[in-house]
Amino acid sequence: MNVEVAEYMDRMKRTKAKMAEKGIEVLLITDPANMNYLTGFDGWSFYVDQMLVLMDDEEQPIWIGRTADANAAKVTTWLFHENIIPYPDTYVHSQTRHPMDFVAEILTQIGQDKRNIGVEMDSYYFSAKCFQQLNKGLSNATFLDGSLIVNWVRIIKSPAEILKMEKAGIIGEHAMREGIEMVNDGVRGCDVAAKISHEQLSGTPEFGGDYPAIVPLLPAGERTSTPHLTWTDKPYQQGETVILELAGCYQRYHAPIARTVQIGQPSTNMKNLSEVVIEGLNACLDFIQPGVACEEIETVWRKTVEKHGVTKESRLGYSMGLNYPPDWGEHTASIRTGDKTILVPNMTFHLIPAIWSEGDSFEISESFYVTENGCKTFANLPRELMIKDGFANLDFVG
């Protein structure tokens, strides 16, 4: 669990305040990161239906999940054991009954079936079938969209959370260094991924790593025209570009980082592109401080790079931190035009001003947290295009 009960209580208090703003009396939480944030629950059980029931008039929430996972709730959460309610395994992947039927029965038994119930409509872990069965079983309830309520509470980290992300940053930096060191002509991408994964999980002698929400992303050659490809078993070749995007993870808290390696000397265009993107990244980091809006950061980036003829269609960054597969992002604030979220200390973001194209592509990123007078990155690694001469030497452009 590793968090004081007082902090969990404060998190619930702030979540209930957000619920009240939306007229929600009962919030059904299915996002495992939100469940973890409020209770400490931590298990690879999100492939089956599970839920945290947060009620505005109850001091403790209720965890409902598969019987096989109930002891995980007892081991990892601060909840009273009587607030951990398992459903029988006959509900698991059944064609005749559904876990939400069981949830509806429980809510009816405890008198919560005629209330305003919020559900995380836009969660990976809440299906159309879940909503259908809840509607059927709780016909007297009023359902409201409770998406992202907890996510927005999570956006400002506590000192304890920042410390975890600092550890994740150290792990990520180490894994990135090892990955870059291994990339070279004739080396298979799958072997680089294996090395990175080993470093992510083993961590440091002082603290071990956790499994990240996203596996290492390692496109090479023509595959660098798009960001979200993993590795292949094809050996890297002289003249290829290799992008490495990964995250260190510590107790479910992430610190992503991306770098680009060139095997052999880069083209003039690639060299120029990398320098422009790095200039834009540095300008953003220098600009960031409490009181600025997310969209203002994007404006700084755009004005810095557009004079060099560079444009970027995708967002520049996003809030991130605590999460489970398939994503380390929080799905709240984005660094892009139109997002007026105001930065405050201890907000955390992944700033990724990458350019992907069918020609030269360059990806670099930094995770950072907002401080009292600026920002601080979670890793300390050179930002230049990293050049391998085809043997063992590593050089930098910039």
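Predicted model: local features only at pLDDT ≥ 70, side-chain atom pairs only at ≥ 80, totals over all residues.

Q: How many disulfides does a search of the whole structure find?
A: A disulfide is a covalent bond between the sulfur atoms of two cysteines; here it is called when two cysteine sulfur atoms are within 2.5 Å. The search of the whole structure comes back with 0.

Q: Which cysteine has the nearest sulfur to Cys-294, and which to Cys-375?
A: Cys-294 is in no disulfide, and the nearest cysteine sulfur is 11 Å away, in Cys-284. Cys-375 is in no disulfide either, with its nearest cysteine sulfur 9.6 Å away. For both, the name to remember is Cys-284.

Q: Is Cys-294 buried or exposed?
A: Cys-294 has a relative accessible area of 0%. So Cys-294 is buried.

Q: In what order do the strands of the 5-strand sheet come?
A: Strands (E, at least two residues) and helices (H or I, at least four) are DSSP runs, numbered from the N terminus. Two strands pair if DSSP finds at least two bridges between them. The 5 strands make an open antiparallel sheet, in the order β10-β9-β11-β12-β13.

Q: Which strands stand at the edges of that sheet?
A: An edge strand here has a single partner strand, so one side is left without a neighbour in the sheet.

Q: Which residue of β11 is the bridge partner of Tyr-318?
A: Strand β9 (residues 317-320) has antiparallel pairing with β10 over 3 bridges, and there Tyr-318 stands opposite Ser-334. β9 also pairs with β11 in the antiparallel sense, again over 3 bridges. In β11, the bridge partner of Tyr-318 is His-350.

Q: Which residue of β12 stands opposite Leu-351?
A: Strand β11 (residues 348-351) is covered on both faces, with Thr-348 and His-350 buried on one side and Phe-349 and Leu-351 buried on the other. β11 pairs with β12 (residues 366-370) in the antiparallel sense over 4 bridges. Opposite Leu-351 stands Glu-366.

Q: How many of the residues of strand β2 are buried?
A: One face of β2 has Met-51, Val-53 and Met-55, the other has Leu-52 and Leu-54, and all are buried. That is why β2 (residues 51-55) is largely enclosed by the rest of the structure: its buried count is 5 of the 5.

Q: Which residue of β3 stands opposite Met-51?
A: β2 pairs with strand β1 (residues 26-29) in the antiparallel sense over 4 bridges, and there Leu-27 stands opposite Leu-54. β2 also runs antiparallel to β3 (residues 62-66), joined by 3 bridges, and these two form a hairpin with 6 residues between them. In β3, the residue opposite Met-51 is Ile-64.

Q: Which strands are at the edges of the 6-strand sheet?
A: This open sheet has mixed pairing and the order β4-β3-β2-β1-β5-β6. The strands that pair on one side only are β4 (84-87) and β6 (142-145).

Q: Which residue of β4 is the bridge partner of Gly-65?
A: β3 and β4 pair in the parallel sense, over 4 bridges. The partner of Gly-65 in β4 is Pro-86.

Q: How do helices α1 and α2 lie relative to each other?
A: α1 (residues 5-21) and α2 (residues 32-39) pack with their axes 7 Å apart, at an angle of about 125°. Axes are lines fitted to C-alpha atoms, for helices over the stretch in contact (heavy atoms within 4.5 Å), and angles run from 0 to 180 degrees between N-to-C directions. Under 35 degrees is roughly parallel, over 145 roughly antiparallel, 65 to 115 roughly perpendicular and the rest oblique. So α1 and α2 are oblique.

Conventions:
Residues numbered from 1 in each chain as written. Heavy atoms only, no water. Buried < 20%, exposed > 50% of the residue type's maximum accessible area, 1.4 Å probe, protein only.
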